[in-house]
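Please open the model in your viewer and keep the sequence alongside it.

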Amino acid sequence: MRASTRFSDAIHILCFLKVYEEARITSDLLSWSIGISPVMVRRLMGNLRQAGFVQTPQGTAQPRLARDLQKITLYDVYLAVEESDGPHPLSTLTPILTPV
């Protein structure tokens with residue numbers, strides 16, 4: 001089974017939107033930049049929009065960040081784009097150091 005790249009692709013999208021915030025950004029441009037299909041870009045953008053991280057005005061190629069990147073954690077992005085059934089995989093991690 002192939003490993004999911006949704007998380008890293010979503011991080012790429014958020015960074016791309018910040019770096020090129022004045023440019024006209026299309027799903028084709030993002031898909032070329034990431035190396036995935038435009039359909040996958042649109043799905044990820046939908047997840048990011050639903051989480052409140054990006055705004056995508058209907059019918060325009062002008063996606064924008066809806067929040068300051070400093071207020072978005074990597075964990076927030078992970079939760080927005082990764083699908084999980086059952087207990088969340090990160091909730092089963094054991095601490096490296098245990099309290100004495």
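The model is predicted, so local features require pLDDT of at least 70 and side-chain atom pairs count only at pLDDT 80 or more, whereas totals for chains, interfaces and linings use all residues. Residues are numbered from 1 along each chain as its sequence is written, and side-chain values use heavy atoms, with hydrogens and water left out.

**Helix α1**

Select residues 6-19, which form helix α1. Helices (H or I, at least four residues) and strands (E, at least two) are DSSP runs, numbered from the N terminus. This helix has 14 residues and reaches 20 Å from its first C-alpha to its last, close to the 20 Å expected at 1.5 Å a residue; the expected span is 1.5 Å times one less than the number of residues.

Next, colour Asp-9, Ala-10, Ile-13, Leu-14, Phe-16 and Leu-17, the buried residues of α1. They cover an arc of only 160° around the axis, which puts them on the same side of α1. Buried means under 20% relative accessible area, exposed over 50%, and partly exposed in between (1.4 Å probe, protein chains only). The arc is that of the directions from the helix axis to the C-beta atoms. The cover over these buried residues includes α2 (27-34), α3 (38-50), β1 (54-55), β2 (64-65) and α4 (74-81).

**Where α1 meets α3**

Display α1 and α3 together: their axes come within 10 Å and cross at roughly 75°. The two helices are therefore roughly perpendicular to each other, a class that spans 65 to 115 degrees, with under 35 degrees counting as roughly parallel, over 145 as roughly antiparallel and the rest as oblique. Axes are lines fitted to C-alpha atoms, for helices over the stretch in contact, and angles run from 0 to 180 degrees between N-to-C directions. On the α1 side, the contact residues are Arg-6, Asp-9, Ala-10, Ile-13, Leu-14 and Leu-17, and on the α3 side Val-41, Leu-44, Met-45 and Leu-48. Contact means heavy atoms within 4.5 Å.

**Aromatic pairs**

How many aromatic pairs does a search of the whole structure find? There are two. The rings of Phe-7 and Tyr-78 have centres 5.7 Å apart and planes at 70°, so this pair is edge-to-face. Phe-7 lies in helix α1 and Tyr-78 in helix α4, 71 residues apart, and the pair thus links distant parts of the chain. Phe-7 is partly exposed at 26% relative accessibility, while Tyr-78 is buried at 19%.

Then select Phe-16 and Tyr-20, whose ring centres are 4.6 Å apart with planes at 45°, so the pair is tilted. Rings of Phe, Tyr and Trp (its six-membered ring) pair if their centres lie within 6.5 Å; planes under 30 degrees apart count as stacked, over 60 as edge-to-face and the rest as tilted. Phe-16 is buried at 11%, and Tyr-20 is partly exposed at 43%.

**Helix α2**

Moving to α2, select its buried residues, Ser-27, Leu-30, Ser-31 and Ile-34. They cover an arc of only 100° around the axis, which puts them on the same side of α2. These buried residues pack against α1 and α3, whereas Asp-28 and Trp-32 are exposed on the other side of α2. Just after α2, Gly-35 takes a positive phi of about 90°.

**Ala-51**

Finally, centre on Ala-51, in the loop between α3 and β1. Ala-51 is partly exposed, at 32% relative accessible area. Not counting residues up to four places away in sequence, Ala-51 touches Arg-67 and Ala-80. Its C-alpha is 8.9 Å from that of Leu-79, although Ala-51 and Leu-79 are 28 residues apart in sequence.
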